[in-house]
2 protein chains.
Amino acid sequence: MPKIVDHAQRRTEIVHALWQVIYLNGIDGVSFRSVAEAAGISIGRVQHYFPSRSELILEGCRQIARGAEVAEGAEGTERESAGGTSESASGSAMGDLREFCLAFIPTGEAMRIGASVWYTYVARAVMDEQIGEIIRATDRATLDLGMRLVERAGGWRQEAAGDNAGTDDAGATGGEVGGADNAAALAWVMRMIALGKGLAQEVMLDERSAASAKAILEAELAELAAH
Amino acid sequence: MPKIVDHAQRRTEIVHALWQVIYLNGIDGVSFRSVAEAAGISIGRVQHYFPSRSELILEGCRQIARGAEVAEGAEGTERESAGGTSESASGSAMGDLREFCLAFIPTGEAMRIGASVWYTYVARAVMDEQIGEIIRATDRATLDLGMRLVERAGGWRQEAAGDNAGTDDAGATGGEVGGADNAAALAWVMRMIALGKGLAQEVMLDERSAASAKAILEAELAELAAH
């Protein structure tokens, strides 16, 4: 077991060095040598963990995409509370949706650098089918999670007004949420995600503070809650 | 005179070759040799027009930023109609605002490649102060234009209902548009621009059709018009 952990950690360390190289010199600056230098290890060691340069570059995209999946943290919270009472589960559904939306915004210098590496991959995705597929899969997962969260948050409002407590999946597939509601939810989530991406770009470029970007997203959330 | 035109055109041709290099190999792939090869001219000729590599890269950013300034076309139209009757000038103010918003969305393969080059510059802007400044100036100009357009479109609604015809700059600084309206206009424009950027990214990545992105922006415009 410890050996496997070491292996995963060593790979992650190399990926961090890779991001540093991409940040400073772009994807075309990536070589076994440049990544080994940035990681402070031998070229052979990099090759031991990543036999091919292109696999290393793709793994860097996968790992940064996992960070970009505003998903995971929020989903964890959501699941934890799913076993609670209807009210607390629903309260956290709105909280999770909020967390999901705000997570688009990079905060702090490390996040800005991460955002820069992410945009380097995004720019490359137009000509690189494999990178494009990783990013598209990430964005699909983000949209799916956003839909689940907004539907649960919607289910919570109906449950709070009504009586059918303890229906964990009421919002997701329940009869109460009609086709029109679903279309409205999808439109709302898609707009929110696109808005989050645009604002993230402005924060990364120091055009807007993270606080200002979050305030704009909070206003959208308040509008949803008011519906 | 013809000589000056030739000079500008030659510079533009070199910049187009530069973009091709950036698209394929990133900013770090840019050298006098790679750009000369892409342009099908001699290295000396590139150096004649761009004595330094970094000046060439910056000029490429400025020229693509000018394309990104959804600005110019719309502003031209707006100015042309400013001398007309109040109603027609105002009608085109709404049309200009619409054009301004939709221009964020890349359409066609050339635009997708241009968007990829643009994102390469955006990613680099985090560590390159000069590129950052060009992009920030572009975004400031876009926001300013957006504000002028939305205020004129707003001014038009009031003029159509009221009587003070022929006041070209009523929306911009006139007493009718109060502080609260101005803040609301600013919030609307900022949200619209961020939304346009996020949608542009999705269209570039083939996650969304240009038509679908434009439909989302049209819905925002319809909401503004309904206010």
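Contact means heavy atoms within 4.5 Å. The model is predicted: local features need pLDDT of at least 70, side-chain atom pairs count only at pLDDT 80 or more, and totals for chains, interfaces and linings use all residues. Residues are numbered from 1 along each chain as its sequence is written, chains are lettered from A and ligands numbered from 1 in the order in which they are written, and side-chain values use heavy atoms, with hydrogens and water left out.

**View 1. Tyr121(A) and its contacts.** Tyr121(A) touches Leu18(A), Ile22(A), Ile27(A), Ile57(A), Gly60(A), Cys61(A), Ile64(A), Ile131(A) and Ile135(A). Residues up to four places away in sequence are not counted here. Tyr121(A) and Tyr121(B) have the most contacts inside the largest nonpolar core, which has 73 residues. A nonpolar core is a set of buried Ala, Val, Leu, Ile, Met, Phe, Trp, Tyr and Cys residues joined through side-chain atoms within 4.5 Å. Buried means under 20% relative accessible area, exposed over 50%, and partly exposed in between (1.4 Å probe, protein chains only). Another core, of 56 residues, lies apart from the largest one. Among its residues are Leu149(A), Ala153(A), Met190(A) and Leu195(A).

**View 2. Chain A as a whole.** Chain A has eleven helices and zero strands. Helices (H or I, at least four residues) and strands (E, at least two) are DSSP runs, numbered from the N terminus. Of the 227 residues in chain A, 48% are buried. Among the contacts in chain A with a separation of 6 or more, 69% come from residues 24 or more positions apart.

**View 3. Val150(A) in helix H8.** Helix H8 (residues 129-161) of chain A holds Val150(A). Val150(A) counts as buried because its relative accessibility is 7%. Its contacts are Leu97(A), Ala185(A), Trp188(A), Val189(A) and Leu224(A), not counting residues up to four places away in sequence. Val150(A) and Leu224(A) are 74 residues apart in sequence. In space they are 9.3 Å apart, C-alpha to C-alpha.

**View 4. The cavity.** The structure holds one cavity of 30 Å³ or more. On a 1 Å grid over the protein atoms alone, a cavity is a set of points where a 1.4 Å probe fits but cannot get out; lining residues have an atom within 4 Å of a point. Grid points are joined across faces, edges and corners, and a volume is the space filled by probe spheres set on the points. The largest cavity holds about 200 Å³ of space. It is lined by 20 residues, and the closest to its centre are Gly26(A), Ile27(A), Thr120(A), Gly26(B) and Thr120(B). Helix H1 (2-25) and helix H7 (109-125) of chain A, together with helix H1 (2-25) and helix H7 (109-125) of chain B, are the elements that give two or more residues to the lining.

**View 5. Phenylalanine pairs.** Over all chains, the structure holds three aromatic pairs. Rings of Phe, Tyr and Trp (its six-membered ring) pair if their centres lie within 6.5 Å; planes under 30 degrees apart count as stacked, over 60 as edge-to-face and the rest as tilted. Phe100(A) and Phe104(A) form an edge-to-face pair, 5.8 Å centre to centre, with 85° between the planes. Phe100(A) is buried, with a relative accessible area of 2%. Phe104(A) is buried as well, at 14%. Phe100(B) and Phe104(B) also form an edge-to-face pair, 5.9 Å centre to centre, with 85° between the planes. Both Phe100(B) and Phe104(B) are buried.

View 6. Gln201(A) sits in helix H10 (residues 179-204) of chain A. It is buried, with a relative accessible area of 3%. Gln201(A) touches Tyr119(A), Tyr119(B), Val122(B), Lys197(B) and Gln201(B), not counting residues up to four places away in sequence.

View 7. Most residues other than glycine have a negative phi. Asp206(A) has a positive phi of about 65° although it is not a glycine. Asp206(A) lies in the loop between H10 and helix H11 (210-226) of chain A. With a relative accessible area of 52%, Asp206(A) is exposed. Asp206(B) also has a positive phi of about 65°. Its place is the loop between helix H10 (179-204) and helix H11 (210-226) of chain B.

Terms used:
1 Å grid on protein atoms, 1.4 Å probe; cavity = no way out; pocket = protein on both sides within 12 Å on 5 of 7 lines; lining within 4 Å.
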